[in-house]
Amino acid sequence: MTAMMTAVGYAASLPISEPRSLFEFETPVPQPTARDLLVRLAAIAVNPVDTKVRMRKQGTEDAPVILGWDGAGTVEAAGRDCTLFKPGDAVYYAGNVNRPGTNAHFNLVDERIVGRKPTSLSFVEAAALPLTTITAWELMFDRIGVKRGEGADRRSVLIVGGAGGVGSIAIQIARKLTGMTVIATASRPETQGWVKGLGAHHVIDHSKPFAPQLKAAGFDNVDIVLSLTATKANAAQIVEVIGPQGRLGLIDGMDSLKAFDVAPLWAKCVSIHPELMFTRSTYGTPDMIEQHRLLSEAARLVDEGVLRTTATGVFGRLGAADLKRAHAQIESGKTIGKIVLEV
């Protein structure tokens, strides 16, 4: 008899308030081959990419789309070619956007994009970290080329959207692993307090003009801008405040590029660096295993007290009702840190 599991998915893109926007169903437990791990999930996290994919990718009633990429759990079984993990290992990871996601009791994932779970964190705390850690880490170190070490890189970095999932880990990475001056944006008292607590040297309000606030903080311009949200709305301000030969990092999609006036970026010789953490797994790049190494190093840094979880809310257990609440919160644009659900 085929073993079955419960999953949450959808057949058609619907507003999250609709009854069938997400629903529970039974599906066979997948079996690992090659370098896949079968992970029994203990916790999952919800990201903006979940809500975006829900509104653009269609499924069917017979084959619903299973969303979710952040996951933490225990290896149940390993494919014949696996060398990094074995059954019983506690792991965390962010998955592959082109495969069924973690909104289920079991999930298949290539071991080369999996890290060992930080031993000092619960599964819930660990599930908040993988996707945003990979995104922030790759954007700064792999794409922009920030140098690690206390005195190695003295540039200034403006993190637009500091209280979100990626911003919350980017602030920590920039502050704890580099010598950069970290400026974060946040508009509400609670988000401003959050980003200060994560280590931002300066905080400005992204609902107000950037340049006067930066000037008041002692900056004529900034060397690096990480635009993590609302890039279209902030494009003109970013062009204004980024310095000559600056570096611009983007994560919120191809349309964000169209919002920029190319002429001043060209005049300033600003380089643009897109980041999509799914690129390595989608294309099976030769360096795909770097995500395994990255997550394992991040786990070490967490266990040493250098980095901390960004989980801020547990929205119950994995099921249609609680997952809908999580999607609605993400879509509100007012989420601090990361939302997690137990499995």
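Student: What is the order of the strands in the open sheet of six strands?

Tutor: In this predicted model, the order is β10-β9-β8-β11-β12-β13, and the pairing is parallel. From one strand to the next, the twist averages 20°.

Student: Why are β10 and β13 said to stand at the edges?

Tutor: Strands β10 (202-204) and β13 (271-274) each have a single partner strand, so one side of each has no neighbour in the sheet.

Student: How do you know that β11 and β12 pair?

Tutor: A pair requires at least two bridges. Strand β11 (residues 222-227) and strand β12 (residues 242-250) have five bridges, in the parallel sense. Isoleucine 224 stands opposite arginine 247 of β12.

Student: Why is α3 called roughly perpendicular to α10?

Tutor: The axes of α3 (residues 130-144) and α10 (residues 290-303) come within 10 Å and cross at roughly 105°. Angles of 65 to 115 degrees count as roughly perpendicular, and therefore α3 is described in that way relative to α10.

Student: Which residues meet in this contact?

Tutor: Pro130, Thr133, Ile134, Trp137 and Glu138 of α3 meet Gln291, Leu294, Leu295, Glu297, Ala298 and Leu301 of α10. The residues of this contact comprise seven nonpolar, two polar and two charged.

Student: What makes cysteine 82 buried?

Tutor: Buried means under 20% relative accessible area. Cysteine 82 has 15% relative accessibility, so the term applies.

Student: Why is cysteine 269 called exposed?

Tutor: The cut-off for exposed is over 50%. Cysteine 269 has a relative accessible area of 54% and therefore counts as exposed.

Student: How many disulfides does a search of the whole structure find?

Tutor: The search finds zero disulfides.

How values were computed. Residues numbered from 1 in each chain as written. Predicted model: local features only at pLDDT ≥ 70, side-chain atom pairs only at ≥ 80, totals over all residues. Heavy atoms only, no water. Axes fitted to C-alpha atoms, helices over the stretch in contact; angles between N-to-C directions. Helix = DSSP H or I, 4+ residues; strand = E, 2+ residues; numbered from the N terminus. Parallel < 35°, antiparallel > 145°, perpendicular 65-115°, else oblique. Contact = heavy atoms within 4.5 Å. Nonpolar A, V, L, I, M, F, W, Y, C, P; charged D, E, K, R; others polar. Disulfide = S-S within 2.5 Å. Buried < 20%, exposed > 50% of the residue type's maximum accessible area, 1.4 Å probe, protein only.
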